[in-house]
Amino acid sequence: MTSSLSMLVGRPTLGRNERRFLVLSALAAWFVLAYAAATVAGAPGQVLSTSFTMTVPLVAPLAWWAFAKAPPELRVLCGFLAPAATLWLLGSLVWFYYFVEAGNKVPPPAGPWELAFVAAYALAAAGLYAGMRRAISLRAAALDASVVSAAGIALVAALAGRQLDGGLTSHSLVTVVRPLFGVLILALLASAALGRWQGLPLSVVLVGVGQVFLTIGGIVYTYEAVHRQDVDLRWAQLGLLPGAVVSMLAAAVIVLGIDRPVRLARPGEIPGHRAGARVVLYVAVCGLAVTVGVAFYGRLTQRESVLFAGLATSAWIGIALALRASGSIRDLEHAYERLDHAHVALEQTKDRLAAANEELARTNVELRSVHTAFEDLLVITDERTHGGLRALVEDAGDDLARLLSRYLRYPER
C-alpha cells in the first residue's frame, strides 16, 4: 500500500478523487495504528470488539458499489469478490450469533459459519483466476501455494500435536482450510503480477495486501481456538481488522475511478515467470527447512503424528520443486521453439524484403530510362518546331493560371 500511495503522491498534480483517496488512506492508517496500540496496551476487549464489529459490515456494501463502478477489465473479478464479501459478512453474523448464544464465549472452529467463510474464499480464488486467467500460470501458482501450505501444515501439526495424536478430526482440519485458501489466493496474485508486463491494477494489489492480513488473522484465530478454552479475540482481530480496512480501500479505488497499474516485474523477465524464480526457490528452501525441523521435533518428542506430518510435507515440497523445475524447463524449451520459429519467420521476411527491393530497383531504373527518353523527345520536338512546343506549353500554363485565379476570386455558389 505504501508504494501505491507514493505513486499517487509522486504525480505532479492530483485530481479531486485522488486527494480524497489519500485522505481516506491516512484516516484508515491512523485507525489501524490506534487499534493496534490499544490492543498492545491491553484495552478492554469489549471496546476493541465494538470497533471491529462496526468496521467489518462495511466491506460488503463497498464491494457491491465497486462492482457497479468497475471498468470492463475488472468487471468479472468484482463480480466474484462482491458475493465473496457478502458471504464473509454472512459467516461473521452466524458466528456472532453462536458467540452470543454461548455467553460471549468463542465457539469451537468447526461450526456452520465455516461453510460461508470457505465459500467466500473459494469465490475470491475463482474470481482472481477468471478475471486474470491470461496472466496466471495456474500450474505454477498451485505448486507455489502447495509449498507454502505444506510448511504451514507442518507448523500446525507441531503446534497442535496433542490434538492430532487423537486422530485427524474435523475440529483439527478446520484449522488449515481457510489459511490454505488464503495462501492459494496470494499465490494466484503473485502469478498474475509476474505474468502481466503492464502490472496489476492498484485495486487488485490492495486486495492482495488485505488478504495477507486476513490470512494472518485467520491463522491466529484457529490456533487460539484449538489451544485455549477461552479464546482472546484481540490478537486475531489485529490481523482481521487491517485486512477489512485495506479491502475497503481497494473498493474505494474503483469507486473513485483512480485505478492505476502497479508494475511488480520488469518486462524482460516475464516469460516463463523467471522474475519470481529466485523468490520461489528461496521460499521452497525455507519451507523445506521448516518441514524437516518439524520432523526432527516429532522424533525428539516421540509424537508419531508430528513426525509423519513433517516427513510427508518435506516429501511433497521436494516433489513440488521437481514439478516446478520440469515445468520451467518445458517453458524454456517452448520459448526457444517460439524463438526459432520467430527467427525463421524473420529470415523469410528478410528474403521477401530483399526480393522486393531488387524489384523496386529494377523498376526505378526503367522509370529513369523512360523519363530520360521523354525528356529527349521533348527537346527534339521543341527544336524541330523552333520553340513552338515551349510557347504552346507556356500559353497553356498562363491560361490555366488565369482560370484558377478567376475561379478562386468568384467561386460558384
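Leu93 lies in helix H5; helices here are DSSP runs (H or I, at least four residues), numbered from the N terminus. The model is predicted: local features need pLDDT of at least 70, side-chain atom pairs count only at pLDDT 80 or more, and totals for chains, interfaces and linings use all residues. Residues are numbered from 1 along each chain as its sequence is written, and side-chain values use heavy atoms, with hydrogens and water left out.

Leu93 has a relative accessible area of 52% and is exposed. The classes are buried (under 20% relative accessible area), exposed (over 50%) and partly exposed (in between), with a 1.4 Å probe and protein chains only. Leu93 and Trp113 are 20 residues apart in sequence. Their C-alpha atoms are 8.3 Å apart in space.

H5 (72–101) also contributes to the lining of the largest pocket. A pocket is an open set of points on a 1 Å grid over the protein atoms alone, with protein on both sides within 12 Å along at least five of seven lines; lining residues have an atom within 4 Å of a point. The volume of the largest pocket is about 1,100 Å³. This volume is the space filled by probe spheres set on the grid points, which are joined across faces, edges and corners. The lining of the largest pocket comprises 46 residues. Val56, Trp88, Leu89, Ser92 and Leu214 lie nearest the centre. Two or more lining residues come from each of H3, H4, H5, H6, H9, H10 and H11. H5 gives the most, with 14 residues. By class, the lining has 36 nonpolar, nine polar and one charged residues. Ala, Val, Leu, Ile, Met, Phe, Trp, Tyr, Cys and Pro count as nonpolar; Asp, Glu, Lys and Arg count as charged; the others, Gly among them, count as polar.

The largest nonpolar core holds 59 residues. Such a core is a set of buried Ala, Val, Leu, Ile, Met, Phe, Trp, Tyr and Cys residues joined through side-chain atoms within 4.5 Å. Phe21, Trp88, Trp95, Ile185, Val204, Leu206 and Tyr221 touch the most other members. H2, H3, H4, H5, H6, H9, H10 and H11 each give two or more residues to this core. The largest share, 16 residues, comes from H11. Another core, of six residues, lies apart from it and includes Leu143, Ala150, Ala284 and Ala320.

Helix H2 spans residues 16–40 and has 25 residues. From first C-alpha to last, H2 reaches 36 Å, close to the 36 Å expected at 1.5 Å a residue. The expected span is 1.5 Å times one less than the number of residues. Glu18, Phe21, Ser25, Ala28, Tyr35 and Thr39 are the buried residues of H2. Ala37, also in H2, is partly exposed at 47% relative accessibility. Its C-alpha atom is separated by 9.9 Å from that of Leu238, 201 residues apart along the chain. Gly42 follows H2 and has a positive phi, near 85 degrees.

In H3, the buried residues are Leu48, Phe52 and Thr55. Seen down the axis of H3, they fall within an arc of 65 degrees, so they line one face of the helix. The arc is that of the directions from the helix axis to the C-beta atoms. Gln46 and Met54 are exposed on the other side of H3.

Val212 is placed in helix H10. Val212 is partly exposed, with a relative accessible area of 35%. The C-alpha atoms of Val212 and Gly182 are separated by 7.6 Å, the two residues being 30 residues apart along the chain.

How values were computed: 1 Å grid on protein atoms, 1.4 Å probe; cavity = no way out; pocket = protein on both sides within 12 Å on 5 of 7 lines; lining within 4 Å.
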